[in-house]
2 protein chains.
Amino acid sequence: MNMSRTNRPKGARQRLVVIGGDAAGMSAASQARRLKGPGELEITAFERGHFTSYSACGIPYWVGGDVDDRDRLIARTPEEHRERGIDLRLRTEVTEIDVDGQRVRARDLASGAESWTPYDHLVIATGARPVRPDLPGVDAPGVHGVQTLDDGQALLDTLTTVEGRRAVVVGAGYIGVEMAEALLRRGFEVTVVNRSSQPMSTLDPDMGRLVREAMTGMGITMVDDAEVTKVLTGDDGRVRAVATEDGEYPADVVVLGIGVRPETTLAGAAGLPLGAHGGLLTDLAMRVHGHENIWAGGDCVEVLDLVSGRERHIALGTHANKHGQVIGTNIGGGYATFPGVVGTAVSKVCDLEIARTGLREKDAHRAGLQYVAVTIESTSRAGYYPGASPMTVKMLAERRTGRLLGVQIVGREGAGKRVDIAAVALTAGLTVEQVAHLDLGYAPPFSPVWDPVQVAARKAAVAVREAP
Amino acid sequence: MNMSRTNRPKGARQRLVVIGGDAAGMSAASQARRLKGPGELEITAFERGHFTSYSACGIPYWVGGDVDDRDRLIARTPEEHRERGIDLRLRTEVTEIDVDGQRVRARDLASGAESWTPYDHLVIATGARPVRPDLPGVDAPGVHGVQTLDDGQALLDTLTTVEGRRAVVVGAGYIGVEMAEALLRRGFEVTVVNRSSQPMSTLDPDMGRLVREAMTGMGITMVDDAEVTKVLTGDDGRVRAVATEDGEYPADVVVLGIGVRPETTLAGAAGLPLGAHGGLLTDLAMRVHGHENIWAGGDCVEVLDLVSGRERHIALGTHANKHGQVIGTNIGGGYATFPGVVGTAVSKVCDLEIARTGLREKDAHRAGLQYVAVTIESTSRAGYYPGASPMTVKMLAERRTGRLLGVQIVGREGAGKRVDIAAVALTAGLTVEQVAHLDLGYAPPFSPVWDPVQVAARKAAVAVREAP
């Protein structure tokens, strides 16, 4: 396949332009550089913020004080990238993609100067933007998102200077619950305002209820079924409370953790194909559909869910890194694909571990799958071994075939990463009967004699046999 | 298929005899009872010891004091089994299986009385016996095996009464290293005498070396390449030292952890088929080859290794429980199989976690497989997250196909159970490239952005591509 449509002479140095300097973009740039030296490939990367290659997933732990130094979240600094021959332009925002002209327009945010940069290959890695509801007062001082390092720094500045100790987190997805922990650790009284009836809507409600109970037990005030209608400000213009239809929740600081959407404004304006979730659509090589030399990865793309066969939007650093690796390999003349996801996610609130993979009940319905669902209680280690902690495992299996469809786990230490057993089994298309037979690591300090995931699988296998 | 060859009238109550009252035997009995009530199935179980359904794997933790009460290792007591209509005969040893006559002879160990019991189905679950080298002095007081609860109690009695504080462990397999930890915790100075050059010969020597270094760091004296020639006793007849060709190691207590062999004396005498490792050979339903109504499971059988395609002997409670479940289901009129193992094992010495699955280099050689092997260093959590601890992952992949062949992990907290990712991937026949793409649980407290197993898989995939 001819990888370039340009009319430049064969053998000429190719020009790679990357939009976005975090995980996907800089992984792509680095991997391409590994395969092609500066004599073959010129790489320019635009980043509108101050940082590159940082762990956005680590922000809650920096804000909470587990990680003491912001720089520890940075995997590779701008200087390190430049040393590898990547022309990195910080505080420079791409404002237009000219697809036909194979060039991007970028603005230096300091000077306001704009200029065009031509490309042979373009990588779009514009990430996601936090959902920032269009509410009165939402831009008031003291209201924070936590998407970027800059956001994290602004929040930390507020936390260390604000006098009051009341924090409201809006949203109870994984960002919301992680920020609830971070604020608790900073000594705040935390209220989580959640539009659903349970936190963690990535779980089924019955499993979300376990999270709710645990969070309440940690002293967090959970306000459910509540839509924020307004952010109220004081005489000083700062936030003083969050209002819902039913009440007001005093707040010295507000953290928006409502979730994120693909940041595809630029791509959309350029006429590139977006999916139902607003993310860029790519093939398995991470090439934007219909555009041989435009690639996209990370939080701005949709990914194939291997269990449901549908496209999803999942903002996770681990996918972004893999996308970048795939894109860089392909641009560098190698061959790689990103086959898709099964929807694995793990998070924690203090000592509560929460994990999920595959389909929830409503996902299965939506995909047209009939299923059985079972829930079991087990322990992280042999029951008699010190530190054995309870965990709840919910498992979905397809009716008739017994194929594993999804697993949700809520427990304490040792619960979360057990979801990997199910993630691999889902990828391989194993049945719950096969999962029950797996040869998993067993010793009393590590697991009961039947791993909790297998206890669930045994029960699910019985349910499949008994289902009409 | 007609499940019984007896000439008893149809519909008559069937008689199930179980030899061995631990995991496999009593799981089989319990599962059969679940499916067939006492009116349909009479169950008699013979156990020569004092206990049933206990966790032999838990003995090191009881001896070490992590588990304070022996009874916590007992999953189900004799009384509980009897309440479910199982005629359990403790302290009763089966001395002969009369295959043609479909009966077993058993001796009451207290009275010496012998009697025959007829069966329609026989379950052989005689377990394993520790290798007890035929050495002068090996039966001296103060020399202990740790195979049964009775053994554990005898050792504990010695540990709590002996005056000296020097312990020698013979053998450095998983029992040996677990007992080294237990003895350390009891305040003993521990010497491990090992005939190999590295501990944990279930690992490749390069990985065993890491275990050796860690154990030395814990204050354990490691004596390698040393064959015990004699147990030396004092004037009181008690053990006083262990002798090798090269030296003497003073010992107030000696623990034999050399490994186990299938206990198939009875089965062999009855002419039942034994494999190369001395274990009973069964089909996938756990029926002894050539004997429609004789079943066997647990530590006395050989199991199919799904990676090498060869039979192995693996003494592990998790397999024994699964075997029992399969046997009981089949005897109870259901249908179940035990498809085989991939050789997963996990153990620990103090805070060092050791795990393996699939083939070592020498196993791959022996199976006729050509492979690449890679080793990587990574961490259990994101590098910046508190408690991130280093781990070493070694991975073998088949030359050309890239199929995953084996994984070995040595690390600290969070290292061991990661082997499950590889165990499932081995079972599913995934390539290392597929492993590198797996959608595994990621968040900074749980994993780096590439799970250590995936870091190894990426490197292995490159090695496969680059291999000639």
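In this predicted model, strands β14(A) and β15(A) form a hairpin with three residues between them. Strand β15 covers residues 248–250 of chain A, and three bridges join β14(A) to β15(A) in an antiparallel arrangement. One of the paired positions is A241(A), whose bridge partner in β15(A) is P250(A).

Strand β14(A) also takes part in a second hairpin, this time with β13(A), and here five residues lie between the strands. In the turn of that hairpin, G237(A) has a positive phi of about 85°. Strand β13 (residues 228–233) and strand β14 (residues 239–244) of chain A are antiparallel and pair over five bridges. Within this pairing, V231(A) stands opposite V242(A) in β14(A).

Leaving out residues up to four places away in sequence, V254(A) touches V231(A), V239(A) and V242(A), along with G142(A), V143(A), H144(A), V168(A) and V170(A). V254(A) is also one of the residues with the most contacts inside the largest nonpolar core, the others named being V18(A) and V254(B). That core has 310 residues.

Chain A is divided into domain 1 (14–129 + 261–331), domain 2 (132–258) and domain 3 (345–466). The centres of domain 1 and domain 3 of chain A, taken over C-alpha atoms, are separated by 35 Å. Six residues of domain 1 and eight residues of domain 3 of chain A make the contact between them. On the domain 1 side, the residues that touch domain 3 of chain A are three nonpolar, two polar and one charged.

Two helix residues show what buried positions look like here. M179(A) is found in helix α5 (residues 174–185) of chain A. It has 28 other C-beta atoms within 10 Å, and is therefore buried. Apart from neighbours within four places in sequence, M179(A) is in contact with P60(A), V146(A), V169(A), V255(A) and G257(A). V453(A) is 274 residues from M179(A) along the chain, and their C-alpha atoms are separated by 29 Å.

A28(A) is found in helix α1 (residues 23–35) of chain A. The C-alpha atoms of A28(A) and R400(A), 372 residues apart along the chain, are separated by 43 Å.

Chain B supplies an example of a parallel pair. Strand β2 (residues 41–46) of chain B and β3(B) pair in the parallel sense over four bridges, and T44(B) stands opposite D87(B) in β3(B). In a regular strand the side chains alternate between the two faces of the sheet. Strand β3 (residues 86–89) of chain B has I86(B) and L88(B) on a covered face, whereas D87(B) and R89(B) are on an uncovered one.

The next topic is how the two chains are arranged. A rotation of 180° with 0.0 Å of shift along its axis superposes chain A on chain B, with an RMSD of 0.0 Å. The two copies are thus related as by a two-fold rotation axis. Since 100% of the interface residues of chain A are also interface residues in chain B, the copies meet through the same surface.

The contact takes 50 residues from each of the two chains, A and B. On the side of chain A that touches chain B, the elements giving two or more residues are α8 (317–331), β21 (345–349) and α10 (419–428) of chain A. Helix α10(A) gives the largest share of that side, eight residues. By class, the side of chain A that touches chain B has 32 nonpolar, eleven polar and seven charged residues.

Helix α10(A) is mostly covered, with nine of its ten residues buried. The buried residues include D420(A) and T427(A), as well as V419(A), I421(A) and L426(A). They pack against β21, β22 (352–358), β25 (404–411), α11 (432–437) and α12 (452–466) of chain A, and also against α10 (419–428) of chain B. After α10(A) comes G429(A), which has a positive phi near 70°.

Notes
Residues numbered from 1 in each chain as written. Chains lettered and ligands numbered in written order. Predicted model: local features only at pLDDT ≥ 70, side-chain atom pairs only at ≥ 80, totals over all residues. Core = buried A, V, L, I, M, F, W, Y, C linked by C-beta atoms within 7 Å. Buried ≥ 20, exposed ≤ 12 C-beta atoms within 10 Å, placed from the backbone. Contact = placed C-beta atoms within 7 Å. Least-squares fit on C-alpha atoms with pLDDT ≥ 70 in both. Pairing = 2+ DSSP bridges. Nonpolar A, V, L, I, M, F, W, Y, C, P; charged D, E, K, R; others polar. Domains from an automatic or database assignment.
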